[in-house]
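Reader: I would like to learn how to read the sheets and pockets of a protein model. Could you take me through them slowly?

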Amino acid sequence: MSTTAAPPETIEHIVLFKVKESAEPSRVQSMLSSLNALVSLDPVLHLSAAPIHRLKSSPFPFTHLLHSRYASKDDLKAYAVHPSHVTTVKECILPVCEDVMAVDWIAQDLQGPVVPPPGSAVRLSFLKLKENSAAEAKGEILGVIGEVKDKFEEIQQLTVGENFSPERAKGYSIASLAVFPGVGEIDSVDAKGEMVNSEKDKVREHLESVIVLDYVVPSSQPASL
């Protein structure tokens, strides 16, 4: 796992999980531990799995997530088919989860460390565009989101891109990830209601559905499987 600056092109991989209400807490913790252990696999630049801290907007009641980063699409594919990952999915995820959503995008020229510091707060946003939205609208939305970091000093790192793995994305085609020093800084941005709404108004007419959630990067991660 690398703690250095990100490569010129970084692959963002997000998986959202809805844990069954009947799932035993010990099984859920085992799922998170097994997922976090995958950080030691060679293709992985960064990986963290954690409960969702706050589900601000979503038609789906997700409860947990995984965030990982890779230097290329080939590295993401290598991770996906790695025996340790396949076993974790079969033995630890499928028995306790009733819904899963996954989104992948390319982060161009990621600024800052590839591994978000433990304790950082991360806001994830996923956008589903209206069917009649023109291709130009997608470019406009990507541009608006890409400028957000310059308008909110609390954001330490921001990536945005178009999902390239539609099979499990439930129709959400644009994703963004913003890293903050902590939850307090996210709350500070949310408190700037007029500024936040002004940014949302620029793209609202093109959107059918939005998922927005926050999570806190775990304070420690296993060093090996």
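Author: Strands of a sheet pair through backbone hydrogen bonds, either parallel or antiparallel. Here an open sheet of 5 strands has the order E3-E9-E6-E8-E7, with antiparallel pairing, and its edge strands are E3 and E7 (157–162), each of which pairs on one side only. Two strands count as paired if DSSP finds at least two bridges between them, and the strands (E, at least two residues) and helices (H or I, at least four) are DSSP runs numbered from the N terminus. This is a predicted model, in which local features need pLDDT of at least 70 and side-chain atom pairs count only at pLDDT 80 or more, while totals for chains, interfaces and linings use all residues. Residues are numbered from 1 along each chain as its sequence is written, and side-chain values use heavy atoms, with hydrogens and water left out.

Reader: How many bridges join E6 to E9, and which residue stands opposite Val212?

Author: E6 and E9 pair in the antiparallel sense over 9 bridges, and Ser125 stands opposite Val212 in E9. E9 also pairs with E3 in the antiparallel sense, over 3 bridges, where the bridge partner of Arg54 is Asp214 in E9. E6 is joined to E8 by 7 antiparallel bridges, and there Val122 has Val179 in E8 as its bridge partner.

Reader: Why is E9 largely enclosed by the rest of the structure?

Author: Buried means under 20% relative accessible area, exposed over 50%, and partly exposed in between, with a 1.4 Å probe and protein chains only. In E9, 7 of the 10 residues are buried, so this strand is largely enclosed by the rest of the structure.

Reader: Which strands does H6 lie across?

Author: H6 lies across E3, E6, E8 and E9, running at about 45° to E6. Contact means heavy atoms within 4.5 Å, and angles run from 0 to 180 degrees between N-to-C directions, the axes being lines fitted to C-alpha atoms, for helices over the stretch in contact.

Reader: What is the strand order in the open sheet of 4 strands?

Author: The order in that sheet is E2-E4-E1-E5, with antiparallel pairing, and the edge strands, each pairing on one side only, are E2 (46–51) and E5. E2 and E4 (residues 64–70) run antiparallel and are joined by 6 bridges, with Pro51 opposite His64 in E4. Helix H1 (residues 25–37) lies across E1, E2, E4 and E5, at about 170° to E2.

Reader: How is a pocket found, and how much space lies in the largest pocket?

Author: Rolling a probe the size of a water molecule over the atoms shows where empty space is left. On a 1 Å grid over the protein atoms alone, a cavity is a set of points where a 1.4 Å probe fits but cannot get out, whereas a pocket is an open set with protein on both sides within 12 Å along at least five of seven lines, and lining residues have an atom within 4 Å of a point. Grid points are joined across faces, edges and corners, and a volume is the space filled by probe spheres set on the points. About 710 Å³ of space lies in the largest pocket. Of the 25 residues that line the largest pocket, the closest to its centre are Arg123, Ser125, Val196, Lys200 and Val212. E8 supplies the largest share of this lining, 4 residues.
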